Amino acid sequence: MYGFRRHSTYRAAAIAGAFTNTVFGILRAYILIALWEARPGLAGYDVADAITFCFLSQAFIGPMQVFGGGLGLAERVRTGDAAVDLVRPASLQFWSMADDLGRALYLFLMRSIPPTLIGAALFGIVVPAGPLTWLLFAASVVAGVLVSFGVRYLVALSACWILDDRGIQSLSLVLCLFFSGMVVPLNIMPGWLGTVANALPWAAMVQVPADVYLGKTDVAHALGFQLGWAAVLIALGALATRAARRKVVIQGG
Amino acid sequence: MVRTYTLLAWTWLRAGAQYPLSMALLTIGTFVVSALDLIAIWIIFEHTGTLGGFTLPEVMFLYGTAMVSFSLADLLFGNVDKLSAHVRAGTFDSMLIRPVSPFVQMAVDRFAVQRLGKLVQAVVVLVIALPQLDVPSSRVWMVPVMVFCGTVIFTAVFTLGGALQFLLTDAPEVANAFTYGGSALTQYPLSVYGTDLVRGVTFVLPLAFVNWQPGLFVLGHEDPFGLPYWLRFAAPLAALLLGAISALAWRAGLRRYRSTGS
């Protein structure tokens, strides 16, 4: 809740972000329409599915923090404030996660719903059949945020070892943009590239929740995939936190 | 002004060179991030022979020219879209009292060599695409003209975005929709977009003159929207007009600027 309120002070920034997401959604939608008109039924999508995918992927940018960052933790490691965070009575990882879930909820309301509605008004998007799909979609989005948090937490914590984290941040950005389905839907990637992309954790952030929404995937498998990666990444995060604690003690704070 | 700019850019370059590894990694990172857009184009052409009536080398040509223009503008002046951060931090005030144009100071602030990564990537694409196209020498002269005009147009868009932030200090992201949105728009042939959008970027915000209209001339392509032929040569006019408007907007913004007082 605290995270939600902290981020809700930046309302103008969120509105501006929603505006930008909408503009990009429209531009990308036209490109996907051109592709699907040339190749109807490509990858099991029709044109409407492709448009929906496009606006959903724009909608996920905010909550999933596709462009990286959002935690503020890396900054705190660099300034040394993280030392204070580590002695707090609450676990650094769970405290960050709670903050991040609040942020995601706020950005979902501000930056996900408006672009999707505008996309629906301009191009028309697919609406899921029943309440069950909506529910599963909601679960899938939450699972996606957890995976996204898991990745970003590890990236942020890496600043404890490599003091300048900008290099790894930009590496993480490339991987995330490409393998989440943000650049092109993963299901049109050719051959082995598509297979690899669909198995990596980034798929859980954009491609999988969008497919759950569109009803294009086996839901049990999709949620299992997301939660599996979330569990692995959060476990790794816990290990890294313990290692970081030892590291900070050695450095003397 | 050019001398001051060069001097300041050199200073920032030397500052960046203090961390050579980081600088190299960031440059490579920018190269790879901008290559993602190209990979997207390749993946799309895995599935189709033409997009909006254009072949892969033609799209790569349009992409290459647009991105050379954009990355030049971004390298030299793109930083003006950080204006709101300076206004909020109060550091813009200190720029105003220095005896150098605040526009030059803003443009060169933290001059970052890693933006060269994007430029190099775009040049590579253009160099690969051009020989495949067999452009007759009677039309190839347009390529440097369009790259120059495109750079001016993108610089003007960055400046307008900066000027807008005098008004919208809290919402700098709005400017991104036009600067980075403009770069995304011009990567593809405009024939994939809707008619209204294309009218808008031809007659309101003239992004169509970055690479689309002059590109039609170079490629010897029909205009799918049936606009007059002479528009293909109107890029310098569009660049001049937009440049003048953005300069006026920047001045107007500067005049109405009141410090945050902090």
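Analyst: A residue counts as buried if 20 or more other C-beta atoms lie within 10 Å of its own, as exposed if 12 or fewer do, and as partly exposed in between. The model is predicted.

Start with B:Leu76. This residue lies in helix H3 of chain B. It has 18 other C-beta atoms within 10 Å, so B:Leu76 is partly exposed. Along the sequence, B:Leu76 and B:Pro236 are 160 residues apart; in space their C-alpha atoms are 19 Å apart.

H3(B) covers residues 56–77, and its 22 residues should span 32 Å at 1.5 Å a residue. The end C-alpha atoms are 31 Å apart, which agrees. Of the 22 residues of H3(B), 19 are buried, so the helix is largely enclosed by the rest of the structure.

Next, H2(B), residues 20–47. Within chain B it packs on H7(B), residues 116–133. The two axes come within 7 Å and cross at roughly 45 degrees. H2(B) and H7(B) are therefore oblique to each other. Their crossing is right-handed. On the H2(B) side the contact includes B:Thr27, B:Ile28, B:Phe31 and B:Leu38. On the H7(B) side, B:Leu116, B:Lys118, B:Val120 and B:Val125 are among the partners. By class, this contact has seven nonpolar, five polar and one charged residues.

H2(B) also meets chain A. Here the partner is H8(A), with the axes 9 Å apart and an angle of about 10 degrees. At that angle, H8(A) is roughly parallel to H2(B). H8(A) brings residues including A:Arg166, A:Leu173, A:Val174 and A:Phe178. H2(B) answers with residues including B:Leu25, B:Leu26, B:Val32 and B:Leu36. The class count for this contact is ten nonpolar, four polar and one charged residues.

That pair belongs to a wider chain-to-chain contact. In total, 31 residues of chain A are in contact with 30 residues of chain B. On chain A, helix H2 (11–38) and helix H8 (166–180) each supply at least two residues of the side that touches chain B. H2(A) gives the most to that side, with 15 residues. By class, the chain A side has 24 nonpolar, four polar and three charged residues.

To sum up, H2(B) is oblique to H7(B) and roughly parallel to H8(A).

Conventions: Residues are numbered from 1 along each chain as its sequence is written. Chains are lettered from A and ligands numbered from 1 in the order in which they are written. This is a predicted model: local features need pLDDT of at least 70, side-chain atom pairs count only at pLDDT 80 or more; totals for chains, interfaces and linings use all residues. Two residues are in contact if their C-beta atoms, placed from the backbone, lie within 7 Å. Helices (H or I, at least four residues) and strands (E, at least two) are DSSP runs, numbered from the N terminus. Ala, Val, Leu, Ile, Met, Phe, Trp, Tyr, Cys and Pro count as nonpolar, Asp, Glu, Lys and Arg as charged, and the others, Gly among them, as polar. The expected span of a helix is 1.5 Å times one less than its number of residues. Axes are lines fitted to C-alpha atoms, for helices over the stretch in contact, and angles run from 0 to 180 degrees between N-to-C directions. Angles under 35 degrees count as roughly parallel, over 145 as roughly antiparallel, 65 to 115 as roughly perpendicular and the rest as oblique. A crossing is left-handed if the near helix is turned anticlockwise from the far one by less than a right angle, and right-handed if clockwise.
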